[in-house]
Amino acid sequence: MRTPTADRFQPIDLQPEDSPLMPDQTDKTLARIRTELLTTFSAADWESYNHLVRWLRDTDVASHALKVGDDAPNFLLPDADGRLHAFEQLRRKGPLVLSFFRGGWCPFCTAELRALQAAKDEFENVGATLAVVTPETKDFPRQLKQNLGLDLKVLSDVDYGVAMSYGVLFRVPDETKAHYSRLGFDFGARHGSPEWMLPIPATYVIDAEGRIRSAFVEPDFTIREEPTQILASLRQVASTSR
């Protein structure tokens, strides 16, 4: 049975301040949420999904991503409120969890963000700072935080520079661009760039010296690292830093 478009890749729009938050899913693993979301795919969604993942694997885009042991690049990015955050500042007090996501229009991304929000206190208890990076600019990050009730550092990767420096950026192939255009998305407008580009979802744990200690890079955009796995990496960093 075809699922209506409105129930699938639903963009996040600005809502009144007193509007209810999205239903809570923090009691589920991301793997379970993924399984549930995949059941909502239409035939066109499946075709686009399979094409994109196959294309990413065939072109081996993930091989360009930074790996464990690499030095993480510096950056300076604005958050949802326009405040600038420097890489050195974010890792000053301890390890940094840096997670790249595609945008607030992607239900797999919003599920991941809510899971990270639920784990934020645990990350901070081991001295870590959490920041998430999106190619979306303008008012989209602020809308995302408001609609999901997030208390996260949501950083806008203006002109895709940080995703490129971490090796997780790719140009959206024409077939995928056509599919998302039919669903009503204009990434050029959302990103403030004529080039339709997206990051491969990736999560890095970076120690206080700027060295990558854990790297999760997955061309299949429906698969994300569980917060429990990130926490285990953080505890490993803490144990070797004493």
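This report covers aromatic rings and cavities in the structure above.

The model is predicted, so local features need pLDDT of at least 70 and side-chain atom pairs pLDDT 80 or more, while totals for chains, interfaces and linings use all residues. Residues are numbered from 1 along each chain as its sequence is written, and side-chain values use heavy atoms, with hydrogens and water left out.

**Aromatic pairs**

A pair of aromatic rings is described by the distance of the centres and the angle of the planes. Rings of Phe, Tyr and Trp (its six-membered ring) pair if their centres lie within 6.5 Å; planes under 30 degrees apart are stacked, over 60 edge-to-face, and the rest tilted. By this rule there are 18 aromatic pairs.

What does the pair of Tyr-49 and Phe-221 tie together? Tyr-49 lies in helix H2 (residues 43-58), and Phe-221 in the loop between strand S9 (212-217) and helix H9 (227-240), so the pair ties together parts that are 172 residues apart in sequence. Helices (H or I, at least four residues) and strands (E, at least two) are DSSP runs, numbered from the N terminus.

Both Tyr-49 and Phe-221 are buried. Buried means under 20% relative accessible area, exposed over 50%, and partly exposed in between (1.4 Å probe, protein chains only). Phe-187 is buried too, at 0%. Trp-196 is buried at 8%.

Ring pairs also build a cluster: Phe-41, Trp-46, Tyr-49, Phe-108 and Phe-221.

**Charges over rings**

A charge sits over a ring if NZ of Lys or CZ of Arg is within 6 Å of the ring centre and within 35 degrees of the ring normal. The charged end of Arg-102 sits over the ring of Phe-221, 3.8 Å from its centre. Arg-190 has its charged end over the ring of Phe-140, 4.2 Å from the centre.

**Cavities**

A cavity is a set of points on a 1 Å grid over the protein atoms alone where a 1.4 Å probe fits but cannot get out; lining residues have an atom within 4 Å of a point. The structure holds four cavities of 30 Å³ or more.

Which residues line the largest cavity? They are Leu-30, Ile-33, Arg-34, Phe-108, Ala-111, Thr-222 and Arg-224. Helix H1 (30-38) and helix H4 (107-125) each give two or more residues to this lining. H1 gives the most, with three.

Methods. On a 1 Å grid over the protein atoms alone, a cavity is a set of points where a 1.4 Å probe fits but cannot get out, and a pocket is an open set with protein on both sides within 12 Å along at least five of seven lines; lining residues have an atom within 4 Å of a point. Grid points are joined across faces, edges and corners, and a volume is the space filled by probe spheres set on the points.
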